[in-house]
Amino acid sequence: MSETTAIDFLYLSEPDMIRAGVTDMAACVDTMEETLALLHAGDYRMAGANNDSHGAMIGFPEQPAFPGMPAHGPDRRFMAMPAYLGGRFGTTGVKWYGSNAANRDRGLPRSIHVFVLNDTETGAPLALMSANLLSAYRTGAIPGVGARHLARPDATTVGILGPGVMARTSLAAFLVARPGIHTVKVLGRGERSMRAFTTWLAEEFPQISTVTPVSSVEEMVRGSDIVTFCATGRADTVAEFPTVRREWVKPGAFLSMPATCNIDDALTAPDVRKVVDNSGMYEAWAAEFPYPTHPEVGIIGTKFTDLIAEGTMDRTQMEDIGAIITGEAPGRKDDEEIVVFSVGGMPVEDVAWATTLYRRAVAEGIGVRLNLWDAPALA
């Protein structure tokens, strides 16, 4: 056996990931802030011609022509999301997942994720990880970074549409950024999801003194310092997207939007600040799904690129959170400013959090070592 050619990698199950700290939201928020600053500096690569693509997706036809081929259904897809991230990370990886809304009837999550982390120099695998928690926590941490820089420091009330996993991790991150939060208003579809959310909230965050179920988007938005739309699933038309109207929005509110949604014309006005996690990704989406992009993707940042294409919004009005983090652009300007923050999700975030957890696991002896080969049969 040649020690120079042997490749071992670390397998981390979901319990291993928990032991390594995947649910450490405060650390995840800090890591995501660092990641977004690296994006702004340009020290990263994702897929696509502009190195900013969200990923590559396999979908299915409405009426398959072949036996055994699945039919299109809610959230039915496979997706690969590769990225390289520089800075202190210097690693490359890919998140791979399959998704099907019908999984919930089987007692499974809608999406099932794995992540492969690679050595950037050789391409050798460093780790194979269970990635549902990895993905969920990095997704929620980005809204927390946004709240750190753009929500009012005295925020106390959060309005949530969709009390699922994305809402849980977003709220956990909001509490990292704005620990004075004590009131949550929740709009959900069913009694079971509401009950699960409120039980989780009571167990994890007893400092939340008031939890109010509401019956409309308007009731959820009005009076909230932070608003987040976290309902999963796709509507068939933009008219069916959950929508927030400016007349409902409290002056000074921070709107964090990591899921399909829409805003009314009044919220597209120049005095409403429009911030995105990475403008390059929205431009990549605009190239992949030519105008109008918003009906295809659903994320509110694609509405911004549509408005720019129409000439009704200036490109300078779409700001990157990375410029705010690095101090090249101001954070919240005053107590009355309304901010809409688009969160699209990026594989560089998975790379950053996976690398952090992999290094913790190695240091603490967590996980199982697996052998790829002692020496390659074909070299």
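Start by selecting Asp154 and Arg152: their side chains form a salt bridge, with the closest N and O atoms 2.8 Å apart. The term salt bridge here means a side-chain nitrogen of Lys or Arg within 4 Å of a carboxyl oxygen of Asp or Glu. Color the two by accessibility and you'll see Arg152 is buried, at 16% relative accessible area, while Asp154 counts as partly exposed at 45%. (Buried is under 20% relative accessible area, exposed is over 50%, and partly exposed lies in between, using a 1.4 Å probe and protein chains only.)

A quick word on what you're looking at: this is a predicted model, where local features need pLDDT of at least 70, side-chain atom pairs count only at pLDDT 80 or more, and totals for chains, interfaces and linings use all residues. Residues are numbered from 1 along each chain as its sequence is written, and side-chain values use heavy atoms, with hydrogens and water left out.

Next, click on Arg148. Which residues pair with Arg148 in salt bridges? One is Asp30, at 3.1 Å from N to O. Asp30 sits in helix H2 and Arg148 in helix H3 (residues 132-150), so this pair ties together parts 118 residues apart in sequence. The other is Glu33, again with closest N and O atoms 3.1 Å apart. Glu33 is in H2 as well, so here the linked parts are 115 residues apart in sequence. As for accessibility, Glu33 is buried at 18%, Asp30 is partly exposed at 41%, and Arg148 is partly exposed at 25%.

Now show H2 (residues 25-41) together with helix H4 (residues 165-177). Helices are DSSP runs of H or I with at least four residues, numbered from the N terminus. How do the axes of these two helices cross? They come within 9 Å and cross at roughly 85°; axes are lines fitted to C-alpha atoms over the stretch in contact, and angles run from 0 to 180 degrees between N-to-C directions. H2 and H4 are therefore roughly perpendicular, a label for angles of 65 to 115 degrees.

Zoom in on where they touch: Met25, Ala26 and Val29 of H2 meet Thr169, Ala172, Ala173 and Val176 of H4, with contact meaning heavy atoms within 4.5 Å. By class, that contact has 6 nonpolar residues, 1 polar and no charged ones. (Nonpolar covers Ala, Val, Leu, Ile, Met, Phe, Trp, Tyr, Cys and Pro; charged covers Asp, Glu, Lys and Arg; the others, Gly among them, are polar.)

For a last stop, select Lys95, Arg138, Glu349 and Asp350, which are linked in a network of salt bridges. The structure holds 19 salt bridges.

Methods
Angles under 35 degrees count as roughly parallel, over 145 as roughly antiparallel, 65 to 115 as roughly perpendicular and the rest as oblique.
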